[in-house]
Amino acid sequence: MGSIIQLDRLRKTFPGGVTAVDDVSLEIEEGEYVTLLGPSGCGKTTVLRMVAGFESPNNGSIRLAGEDVTELPPYRRQVNMVFQDYALFPHMSVSQNVGYGLRIAGVPKSEIADQVRKALDLVELTSKADRRPNELSGGERQRVALSRAIIRQPKVLLLDEPLSALDANLRENMRVELRHLHQRLGLTFVMVTHDQTEALVMSDRVVVMEQGRVAQIGTPSDLYDHPASTYVASFIGVSNVLTGHVVKSHGEEITINYGAEHMTAVRNGHAYSDGDPVCMTIRPEKASLLANPKSAGKKANLLKGTVREVLFQGSIARASIDLASGDTFIVDLFLPNTSAQSDLPQHGSAVTVAVEPHNVNTFAAEGGS
Amino acid sequence: MVTIDQSDNIAAGTRRPLMDRIAERSGSDFLITLAGCVLAFLYLPIAVLIIFSFNESRTLTLPLQGFTLDWYSKMFSNADLLAAIGNSLYVATFAVSLTLVIGIPAAFALDRLSFPGKTVFRRLILMPIALPGVITGISMLNLFRVVGFNLSLETVILGHATALLAVTVTQIYARLQRLPRSMEEASADLGASPIQTFFFVTLPNIKAAIVGTALICFTLSFDEIPVTFFLTGRDNTLPMYIWSTLRRGITPEINAVGTIIILVSVVLIVFSVWLLHEPKKD
Amino acid sequence: MKLQTRKRIATLGVLSPPVLWALIFLFIPYLIMFTYSFYLKKFPTFEPAFQFGNYAQLVTDAQYYQVLFRTAKISIMVGLFSVLLGYPFAYFLVFKIKSDRVRAMLYMAVIVPLWVSYLLRAYTWKTILGSEGILNSFLVWSGILDAPTDIFLYNQFSMVVTLTYIYVPFIVMPAYASLEKIPRSLIEASKDLGVRPLRTFWSITLPLSSPGIAAGMTIAFCLTFGDFIAPALVGGPNGFMIANVLTSQFGAALNWPLGAALSIVTLLIVLTIISLSDTLQRSGKLELE
């Protein structure tokens, strides 16, 4: 297999001095579904547009299936894109839109008709072949854009916020459909989104971007369980972030001084020296509340606090705990069908938060604070 | 006490809205009257122009004398007038073609490209829309004198094309701004070269705007005096011909010409409105 | 070929025809005009020089500065009267007409006259206002006047009427656009708070639509300022405007340097008005946000 896209030290500065992409290197394997995730302005779309050829980088190179395409115009690159606004041609019918790429390539008419039918079949739009784009619903337009982009069998399919223009219900269906389409076609998909759920649900790997740089690359579960910075931790899901100092390393475990307490965490590949400032992130659902500290596992970290409030959210209840250190700690309480709402901890009651060491993710604190 | 207070309040509460309603009603009446007057003001002269083209009397006075088509037959046998119409058609056709050939790339450049001196270029090209036509005419006359061009219908064409450039660029630029850039990117993405993209995607989408602009420019050129006044040689365009006969005196023949022009203009408007609305339904 | 080079060549291809055109037919002519304005008149032509005599003459010779003042006065009046007619009409279309179709039709009705020959519309006013014209014959026929009067034509009144007639649509268009943009909720909120309709108009609608009024007035002012047809057709001896003076300097009077200086002054006045109105409209737009 091998990598289909190699981005090497890409940099893009726009006239006016804004550096949108700053030293981004990335390899994408053939057949992968990779998502660039980040807030607007983080440079993810610019990376995608550079791969497509709409922007040329100031620095660095882009390789596509081994070939350097950095200087090739978009129409010479074997990648196709699904645009955020779909960019369907309003003066052409659905089938003309889908067949456009083949018509440009000089494919005979009968073959175009054939392939268009297949492509429309794939997205279940055969009945709308003669409609104009403005006669279609948002979801249908999206599918036209998709089939138009895949008809030339590109090496890579680029998707720029493909679901952002759809309403919430449709968006959830399309997440699954896109994922299925990816599996069926076996193409490499590179998607840009600002929606973390989308990224986690759909992708094999997620590239989290921050201010033009890659903040972290990993599988969805990697990023969720082991965020490498507070930025990633807070961007993906909800996390409790606590800061402390490394007191002692022993084998796979490290002991961290947090406020007046000592906490144990798993090293997880990080190398720390004693005294290093360190950040701990703990997911709300990986902690539990104990009425009786003695019932905890032997190794569990125990933090004392008082309940500030509990918000009932259906399948879970989210408790905010004021810790002795002054931080607020969030714990998700699962509500099995037997428990009544009256069983929930009350405001002001003293509780203990328990977290197993392997659920404490650590990374070196930024800026040494 | 309490009941009196309440009734007072109720009275005050109903009286004010009533006054307001009267005020609003009379405001509406005033507006309707005024709108009627504006429309009458706009159309009365046009009506007068048309009516008197069918009036027997040589002078344009009331009461009307009787129906005649004489002025039309006079007009069609007037060789100078017909030649002027021919000249105007010639000038307008070529001026419009030139202004489109220059104006469309100019609008493109202003919308899509960044280049040094862009602001100066924009200001320069839009100048004739704000400046008196006389000044455009005189300054071009200076140029032709300096380089030793003889004045002719062709210099008029150059003058009109330059003056109309501002209109063309504004119109096409406005259309391009509303055209999502992603459409052209999609075309390039699907393998089309810039030239293919222009002909297959951009042009079909701005076609209506181009035709609309061409029609506007055609009517403007067909009616143009200030620039023509300075740049024409021995040949007269239609408005110049009318202009020169007007100075000699008024005849209903002019009304006949005017009526025909109005008729043609209305046909052109209906045509362009139809063109601009037909292809798009959203 | 590098992507950047390719782009540069394409840019050059698209750009050079219009840029060359603008250079040859706009920039150089204006430059020549500017140079001429410093030349000396020498019958029957002129000779190169660098002196400010022509500009000085414009300021000192009553004949010229009076024409400038008169042109400005008439332009302002035309602007004002056009707004007085055009703005309420636009207001009526936006707020009082309930049916979209009727509104579109009435809007078109205002625009259509623009397509009808300007010369012919100005000419018609001559036939209406003249001493043998329709207005006079109507007044005599109906007994209001004993004999035709010549007070209607060949004066500033007839010019203002004719020009206002021509520029009303130019006010309706921008006024309509800016009135349409005002969120209805603002006006409803004002009414909801118990503000009277007239107060609502003065404190909400009018200020928010002022950019449109400014745009329209600027167009009417600038176009009137350089108008050449109306003064020649319906203006009398005291109706001479700048364009007519320009015409005679480059024609019968054969004083090109003076004409050039007057052109430059006109150009500066018009450009100043436009940039003033631009800043005004921009600040007005900021208020809306």
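Modeller: Lys44(A) is buried, with a relative accessible area of 4% (buried means under 20%, exposed over 50%, partly exposed in between, with a 1.4 Å probe and protein chains only). This is a predicted model, in which local features need pLDDT of at least 70 and side-chain atom pairs pLDDT 80 or more, while totals for chains, interfaces and linings use all residues, and side-chain values use heavy atoms, without hydrogens and water. Residues are numbered from 1 along each chain as its sequence is written, with chains lettered from A and ligands numbered from 1 in the order written.

The side chain of Lys44(A) meets that of Glu161(A) in a salt bridge at 3.9 Å, N to O (a Lys or Arg side-chain nitrogen within 4 Å of an Asp or Glu carboxyl oxygen). Because Lys44(A) lies in helix H1 and Glu161(A) in the loop between strand E7 and helix H5, the pair ties together parts 117 residues apart in sequence (helices, H or I, of at least four residues and strands, E, of at least two are DSSP runs numbered from the N terminus). Glu161(A) is also buried, at 7%.

Glu32(A) and Arg205(A) form another salt bridge, at 2.5 Å, N to O, and since Glu32(A) sits in the loop between strands E2 and E3 and Arg205(A) in strand E9, that pair joins parts 173 residues apart in sequence. Glu32(A) is buried at 11% relative accessibility, whereas Arg205(A), at 21%, is partly exposed. The structure holds 17 salt bridges over all chains, and Arg11(A), Asp22(A) and Arg213(A) are linked in a network of them.
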